[in-house]
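Welcome! Take a moment to look over the chain, and then let us walk through a few of its features together.

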Amino acid sequence: MQTETITYIIISGIIALSLALFQYAYKAKLKGRRAWLLSALRFVTYFSIFLLLINPKFDKVSYYNEKPNLVVAVDNSESINYFDQAQNTSDLIKSLKANEALNENFNLEFYSFGKEINPTDSLSFDEKQSNIALVFERLSEVYNNSISPMLIISDGNQTYGNDYAYMTKRYKQSIFPIILGDTTTYTDIKVQQLNVNRYAYLKNKFPVEVIATYNGNATVNTQLRISTGNTIVFSKPLTFSKSQTSQIVNVTLPANRVGVTSYKAQVVPLENEKNTINNVKNFAVEVIDQKTKVAIVSDLLHPDLGALKKSIESNEQRNADILSTVEFLNKSADYQLVIMYQPTNNFRALFNEIEKLKLNKIVITGTKTNWSLLNQLQSNYKQELTNQIEEYQPSLNQNYSTFIIDDLSFGEFPPLKGAFGETSFAVPFETILYKTINGNQIDEPLFATFEINDKREALIMGEGLWRWRAQAYINENSFNTFDNFMGKLVQYLSTNKRRTRLNVNYESFYNGNDNVRITSQFFNKNYIFDDNANLNITLKNKDTDDVKSYPFVLKNTAYEIDLSGLEAGNYSFTVTVNNENISKSGELKILDYNVEQQFLNANVTKLQALATNSEGTSYFIDNTSTLTYDLINDSRFATIQKSTKKVVPLIDWKYLLALIALSLSIEWFIRKYNGLI
């Protein structure tokens, strides 16, 4: 308490005492013991009121014990079942939960992980993928500021995500791996990796790369076969030994039939080989008979051009060429879509050629755009001429319904630079992204699309798209989100098919461990997205004739269904809308592949290295008897006594108000009793 406050309290006490004595000792009719009692009561009242006015503050210190956290992350993938460790894992979890000493010294937190990580109280061991690195990434955010050693119960075999061996730099806590699975080394040969493109073009050949590996000491002979149906299209003998443990085989196969063709790459199993599942990998190739060619036309050098080319060509069905206006005019008939980047004076003939060929186009404007010319060459929109530059950040239009747009966290993207001034449209248009200036969204499009005279067009009102692609990589560690966004725009503009009320988006084939998701959009008769529709999909397994129906779920501006649990096979489907005579049909293929069954042993080396690098200890599942003792007696994980200091003002002390009320009541009663009132 400050000296100034103490001084005020002393002065208040003197004043309160003086007033009380003046009222009951100087001029009061009442004498003796009752006068002194009334003086004391009045002093208490005055002094308490003065204290409330001064409102001194006191430090209140409270103490509490903080136990460390014990984070238990359990591998919930199918490989645990495959290694026959599901029961051992469940028994260990039960013993940890029931251990009184452990619960007395730690706050136990349980998580399960596969492709994602979730808090859990139950385990199913049915996850299709294992992403061990994600465990450390996510939990480092939760337990960064506390003592939180981790028990990770896993076989150490990761099938998805970053390499977890380097995650001790992220999760700066001690890690105690509980190793599941067989550690015995068996002779094994397998298809380690298979590299092939998803698409090929009719009457071309496509490359396939097969990497086969061997684990053993003897020299063995086998054969690599690639087949489709009952026909072997390629075979090659392979020899492995202790010194030659891997071979890479490159082959090209013909694409003779349009559609999806399934193949099987197999290394013939060795005699008495324990795991023959990993000897086979299925793959598929979709053969198409045309390729979308996109012309990116510009007379300027800008990093946006390279970003657009990379983004468009991320889909193997598309090819993009960067051309000058003169180069494009010499071969304009080769392209289905034109991207006109920042039109300048040289674009007059280009516009005429595009009109003559009735090509769809994307117009991208920026700081070098000749808006005076652009306003003359077309009549769909006009830009106010101010000769000023503005920076616009994007804001997603959640009601855009022409095609499905995913939110890429556009609000975090760098601004695009474009002309300042109002843009007016003379035709109906739809806004994908609005302009945002200084955090305020304005009712003007940054990205817009429109259809006029059986042609489709998009307008992008700013330069700097290369920064968006870079930001997407920073956010997701991948360019895929931005490339998919631009890919949908290119796909919409590269066709002149009539718009339909029901659109269904799906892949022709899915690998066994992929998420099988189908999305749909349904529009009313005015082509406005209908979020009250009931969509259903009827799915037929063409191999077994089994038919099932599922409802779609509304998600933002699309309907979605997750069919990831389907078994491998060929399927036909029909999407219907209740109370509407509208439907769409298609076919898809799910390839037979389970990555969790590709392992023979636990990855002991990597899990033990994880323990060593984090100053922890590794245990095998059948030897965890000392685990509890080691954790409880580790001085790094002792319970810590902490204190909290709060500054409490006297005005919050309710008892002082009660004291004032009590003293005034007693004083009133005494005065009333003695006839002084």
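## Salt bridges, a sheet and a pocket

Glu78 is buried, because its relative accessible area of 17% falls under the 20% cut-off. Please keep in mind that this is a predicted model.

What does Glu78 pair with? Glu78 forms a salt bridge with Lys128, and the closest N and O atoms are 3.0 Å apart. This pair links distant parts of the chain: Glu78 belongs to helix H3 (residues 78-82), while Lys128 is in the loop between strand E4 (117-119) and helix H6 (132-142), 50 residues apart. Lys128 counts as partly exposed, with 38% relative accessibility.

Helix H6 also holds Arg138. Arg138 forms a salt bridge with Glu116, with 3.6 Å between the closest N and O atoms. Here too the pair links distant parts of the chain, since Glu116 is in the loop between strand E3 (107-113) and E4, 22 residues apart from Arg138. Arg138 counts as partly exposed at 38% relative accessibility, and Glu116 counts as partly exposed at 41%.

A further pair is Lys435 with Glu444, a salt bridge whose closest N and O atoms are 3.5 Å apart. Are these two residues buried or exposed? Both Lys435 and Glu444 are buried. Salt bridges that share partners also join Glu355, Lys361, Lys455 and Glu457 into one network. In total, the count comes to 20 salt bridges.

| Salt bridge | Closest N and O atoms |
|---|---|
| Lys128 and Glu78 | 3.0 Å |
| Arg138 and Glu116 | 3.6 Å |
| Lys435 and Glu444 | 3.5 Å |

Lys455 is in strand E25 (residues 455-460). Lys455 counts as buried, because its relative accessibility of 14% is under 20%. The side chain of Lys455 makes a polar contact with the side chain of Glu355, at 3.0 Å.

Next comes a sheet. Five strands form an open sheet in the order E27-E34-E33-E29-E30, and their pairing is mixed. Which strands stand at the edges? They are strand E27 (509-510) and strand E30 (547-551); each has a single partner strand, so one side of each is left without a neighbour in the sheet. Within this sheet, strand E29 (residues 535-541) and strand E33 (residues 569-577) run antiparallel and are joined by seven bridges.

How many residues line the second largest pocket? There are 17 of them, and Lys190, Asn215, Leu600, Asn601 and Ala602 lie nearest the centre. Strand E7 (188-196), strand E9 (205-215) and helix H13 (604-613) each supply at least two residues of this lining. The largest share comes from E9, which gives three residues. By residue type, the lining of the second largest pocket divides into ten polar, five nonpolar and two charged residues.

Methods: Residues numbered from 1 in each chain as written. Predicted model: local features only at pLDDT ≥ 70, side-chain atom pairs only at ≥ 80, totals over all residues. Heavy atoms only, no water. Pairing = 2+ DSSP bridges. Helix = DSSP H or I, 4+ residues; strand = E, 2+ residues; numbered from the N terminus. Salt bridge = Lys/Arg side-chain N within 4 Å of Asp/Glu carboxyl O. Buried < 20%, exposed > 50% of the residue type's maximum accessible area, 1.4 Å probe, protein only. 1 Å grid on protein atoms, 1.4 Å probe; cavity = no way out; pocket = protein on both sides within 12 Å on 5 of 7 lines; lining within 4 Å. Nonpolar A, V, L, I, M, F, W, Y, C, P; charged D, E, K, R; others polar. Polar contact = N/O pair within 3.5 Å; in protein donor to acceptor, adjacent residues only side chain to side chain.
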